[in-house]
Amino acid sequence: MEIADLPIATSHRANLLAAGYSSLAALSAASPPRLARDLSIEVHEAEEILKVAVGANKSKGADGPSTSSVLKGAQNAWDMLSDEQSRRHINTGSADLNNILGGGIHCKEVTEIGGVPGVGKTQLGIQLAINVQIPVEYGGLGGKAVYIDTEGSFMVERVYQIAEGCISDILEYFPHCHDKAPAGQEKLKPESFLADIYYFRICSYTEQIAVINYLEKFLGEHKDVRIVIIDSVTFHFRQDFDDMALRTRVLSGLSLKLMKLSKAYNLAVVLLNQVTTKFTEGSFQLTLALGDSWSHSCTNRLILYWNGNERYGYLDKSPSLPVASAPYAVTIKGVRDAVNSNSKRVRVM
Amino acid sequence: MAATSASGGAGCFPRPPPSGGEHGFVLGVQEKKQDEEGQCFLDGMDLLKDATENKRFLPTGLQGVDALLGGGLRQGQLTEITGQSSSGKTQVCLCSASHVAARQLGVVMYLDTSNSFSPSRIARIVDGFPISLVREPKNVRLERVMSSIICKSVFDIFDLFEVLHQLELSLKSKVNNGGNKICLLIIDSISSILAPINGGKYPRGRSMMISVAMILKKLAYEHNLSVLVTNHMVAGNGAPKPALGESWKTVPHVRLVISRERGSKICAATVLKHTLLVFA
């Protein structure tokens, strides 16, 4: 690549050559202010030119065997595979649910969880906010949680209860760690679990948009957050929105932002959604709210439903896992396996 | 032209470069223009030759879909797959990426907008290939295949412009290199990037959409890329229809709709538009 081939304005190219910048190497050695002075242009223009030149230099270097440098920031699938395999997942509390989800809720992905009122969406949300904090030595992620509450259904007493349940399960599972790790004991208090949940209470859709925009800054300062839960993403957008086309645009913008956050900060985003009825093929059917365009904006979708008296989770969408369903239960301790069930009962459909 | 390529997958294996090609044709149309000074047009025979030599059909690996597409994803063309949520669009993309990479047709560039690029799924697809294709141990093949699939996350339209620009630069500088050339560009999904800026009172969004289309088609034509994009379905009057409206409709050379019955494993594909095939 020569100066003459750089994709910049023709006048700039001519100026560069006239000022004596005959090769990319000479150009890459220049600083923006100096270049601006030599070419008598604005500093920001000079910065642009340098950026282009650096990019061109990079792509020239990519002629070698390594193909992953074709594009800055791109990764090849082989590296991503080993990265993915080393990652831990967030336990849902129920082994059957973990099973159909491929180990739990995945980081770097957006998972939508929907279901009728009372089926346990919020319970699962709270459970995830607690389980993400299970220390690394006990098989968890040892991260923190952000909980964005739009409906006011985050009951702190219940959270305390679930945290206690979680701790008692850990101690039961790792009895030998009980005595020899006093340092770990410090962390295993419901109080410290509660302290590590950052809670935002949202009262209108404007606030919801604002808080998601603010999250980028917040997560930059709190790098140990591993999950963001929005309970529910639907509520305000269902109430006071008249212009449906605008709603679709705003929501798809939000979902792209959340995708970006989950990738950039290596965290899981969990969106809880309500259900609505839809008239298709002569009958009313339950589907998730917010419409068809929204349904594309998550990586995974888990639908919670009642089957008789049992609660079931149904994996409706996933790029890597088959469609499947599994029972679970909501107990005093939180989300757990359904009684009398084992992984044999997981039905792959 | 359709007749020459109807042989399907067999036509897709890498060919040896033509011995002492008259115009260095293997370098693409662009080079020819510069070689012969003063002549900046191509006649029909040039085009036919370019089409048969450089515009191969890349297999998706799905027999039914390949048959519908007249052989696969054609280089130099833009193919669109549209369908409801969880109808299998991403699966077609992942499957095509692994097949193209496995047959050593070139490097696959995968632009991911919804964090749905799943390396473990690709590993499973590759693992299922018959070993007879190329004689090498499975783990060696897996590493080779997966190293020639490059993924980048893109989250807004400006990112996309930036990435496409960089891609063009690196393709240009690689023209003479020949080696690991990118042959397939996948964008999954283009509509989630375009949706936030599209419609309403923002005419700028529409023009950005059209410039994305122009850049993609230019890349496809000049560098013999096959471009595969996925699109959403939105509720239309009555039946669901592909998103992005009328002005996008003219952009893809081939449009394919896929659908899946809820709870079933079988996906059905339908061709909406095809520039080569005629449907009686």
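This note goes through a predicted model with chains A and B, from the overall make-up of chain A to its contact with chain B.

1. Basis. The model is predicted: local features need pLDDT of at least 70, side-chain atom pairs count only at pLDDT 80 or more, and totals for chains, interfaces and linings use all residues. Residues are numbered from 1 along each chain as its sequence is written, chains are lettered from A and ligands numbered from 1 in the order in which they are written, and side-chain values use heavy atoms, with hydrogens and water left out.

2. Chain A overall. Chain A has 15 helices and 13 strands; these are DSSP runs numbered from the N terminus, helices being H or I of at least four residues and strands E of at least two. Of its 349 residues, 50% are buried (buried is under 20% relative accessible area, exposed over 50%, partly exposed in between; 1.4 Å probe, protein chains only). Counting contacts (heavy atoms within 4.5 Å) between residues at least 6 apart in sequence, 64% join residues at least 24 apart.

3. Strand β2(A). This strand, residues 110-115, is largely enclosed by the rest of the structure, because 6 of its 6 residues are buried. Val110(A), Glu112(A) and Gly114(A) lie on one side, with Thr111(A), Ile113(A) and Gly115(A) on the other, and both faces are covered. Strands are taken to pair if DSSP finds at least two bridges between them. On that rule β2(A) pairs with β6(A) in the parallel sense over 5 bridges, Ile113(A) being the bridge partner of Leu272(A). A parallel pairing over 5 bridges also joins β2(A) to β9(A), residues 300-307; there Gly114(A) is partnered by Ile303(A).

4. Gln274(A). This residue sits in the loop between β6 (268-273) and β7 (275-280) of chain A. Gln274(A) is buried, at a relative accessible area of 17%. Its side chain makes a polar contact with that of Glu151(A) at 3.1 Å (a polar contact is a pair of N or O atoms within 3.5 Å; within protein, one must be able to donate a hydrogen and the other to accept it, and residues adjacent in sequence count only if both atoms are side-chain atoms). Neighbours within four places in sequence aside, the residues in contact with Gln274(A) include Gly115(A), Ser232(A), Phe235(A), Arg238(A) and Leu288(A).

5. Helix α8(A). The 18 residues of this helix, 156-173, should span 26 Å at 1.5 Å a residue, and the end C-alpha atoms are 26 Å apart, which agrees; the expected span is 1.5 Å times one less than the number of residues. Among its buried residues are Arg158(A), Val159(A), Ile162(A), Cys166(A) and Ile170(A). The buried residues pack against α7, α11, β4, β11 and β12 of chain A.

6. Ala14(A). Ala14(A) belongs to helix α1, residues 10-18, and is partly exposed at 44% relative accessible area. Its C-alpha atom is separated by 9.8 Å from that of Leu39(A), 25 residues apart along the chain.

7. Interface of chains A and B. The contact takes 62 residues from chain B and 45 from chain A. Together the chains bury about 4500 Å², 59% of it on carbon and sulfur atoms; buried area is the accessible area (1.4 Å probe) that two parts lose on being put together, summed over both. There are 14 residue pairs in polar contact across the interface, both residues at pLDDT 80 or more. Elements of chain B supplying at least two residues each include α5, β4, α7 and α8. The largest share of that side, 8 residues, comes from α8(B).
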